[in-house]
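We will go from stop to stop, selecting as we go.

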2 protein chains.
Amino acid sequence: MSLNRYSSQLLDEAVEQFASLPGVGRKTALRLALHMLSRDEAGVERFSNAFLNLKGSIHYCPECNMISDDGICPFCSDPRRDHSVICVVESLRDVFSIENTGQYKGLYHILGGIISPMDGIGPGDLPIAELVDRISGGTVREVVLALSTGIEGETTSFYIYKQISSLPVTVTAIARGVGFGDDLEYTDELTLGRSMQNRQPFKP
Amino acid sequence: MSLNRYSSQLLDEAVEQFASLPGVGRKTALRLALHMLSRDEAGVERFSNAFLNLKGSIHYCPECNMISDDGICPFCSDPRRDHSVICVVESLRDVFSIENTGQYKGLYHILGGIISPMDGIGPGDLPIAELVDRISGGTVREVVLALSTGIEGETTSFYIYKQISSLPVTVTAIARGVGFGDDLEYTDELTLGRSMQNRQPFKP
């Protein structure tokens, strides 16, 4: 029997799997694998099953593509949210980021990507027709574009704008500008320029 | 349906399980859970099964308590290692640390803990009788104590010494001293004092 890296192929595999996670190096992976070894069997089962269940049983909302445990997601089915506003984002994580601010009470539309010829993602690969359908329902009054800046994000925003600008809906975009606590001196000129263009009445 | 933290209990559970790992906060846990969601099913199964298999099928070497896929561990069964030296360590991780140095080719004896009245761990809870048995076999010539300093480690080392000092075996301990690259100025006096006591002939 040859001496493998950690004397056990089972441990090797556990370390390798932890190390396959983004941002986890081999040293941390070993620490985590040994931690798993020290847990009781029920704890390890609960850990492992969480991901099997997540992958095996997750649904996506037919309206907005949000993940959901079944059918329509909690956002789209919540009567307390403002169903007249839809915010278009690239991914799930953007939804969580916006929710964390507590400043938005409308619905979402998750594209799951942006137009990227390099990655072979065209407009037809994104659920933009579905967005048009949702707007055609008549309840929606405003669409907020919250895609990343950069060529691909701007292209996607522009494409969506072209698709929906003829519909009776206001298209807005989240404000870009100098971040809170940022020094003007260290802000790139594009951001600072945009910030100047979009200056607002001062509210003391 | 109430709006739970991430709109999905399956995702909540996955985030919670990642966050239960040492050193993983909720933000990282969310990032990891979304990463799992983006993997294909086979990838998630391999990930989860690694820990179920580790916990369900791991064996411990009856000689040294090292983890092993079956029976005697790769250390104890390796004829190229020096079976006349046993290094006593607290945990598996210590073995990996020592192996990384490439400076030790003997066997190990993993205690799995140290004497700690606070945690209710007495000498009888540690495999010290098994160590005495191994030494009584007659092959062992030296026992290297490599337990942590601090009251509990020292107590354990002393207890083991008392148990085996009457046997025909040399008992040694790993050297303590100023680390490579450490400034004398910033070294605690206990370490520096020990370092001075244990000074060695200078080899240029």
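How many bridges join strand β3 of chain B to strand β5 of chain B? Select residues 82–89 and residues 142–145 of chain B to find out. There are four bridges, and the two strands run parallel. Keep in mind that this is a predicted model. Now show side chains here: Ile86(B) stands opposite Val143(B) of β5(B).

Now bring chain A into view. Here 45 residues of chain B are in contact with 45 residues of chain A. On chain B, select α1 (9–19), α2 (26–38), α3 (41–57), β2 (67–68) and α4 (92–101); each supplies at least two residues to the side that touches chain A. The largest share, 13 residues, comes from α3(B). Colour that side of chain B by class: 27 residues are nonpolar, 10 polar and eight charged.

Asn65(A) sits in the loop between β1 (59–60) and β2 (67–68) of chain A. Its phi is near 75°, a positive value in a residue other than glycine. Is Asn65(A) buried or exposed? It counts as buried, because 21 C-beta neighbours lie inside 10 Å.

Jump to Asn65(B), in the loop between β1 (59–60) and β2 of chain B. Its phi is positive too, about 70°. Asn65(B) is buried, with 21 other C-beta atoms within 10 Å.

Note on methods:
Residues are numbered from 1 along each chain as its sequence is written. Chains are lettered from A and ligands numbered from 1 in the order in which they are written. This is a predicted model: local features need pLDDT of at least 70, side-chain atom pairs count only at pLDDT 80 or more; totals for chains, interfaces and linings use all residues. Two residues are in contact if their C-beta atoms, placed from the backbone, lie within 7 Å. Ala, Val, Leu, Ile, Met, Phe, Trp, Tyr, Cys and Pro count as nonpolar, Asp, Glu, Lys and Arg as charged, and the others, Gly among them, as polar. Two strands pair if DSSP finds at least two bridges between them. A residue is buried if 20 or more other C-beta atoms lie within 10 Å of its own, exposed if 12 or fewer, and partly exposed in between; C-beta atoms are placed from the backbone.
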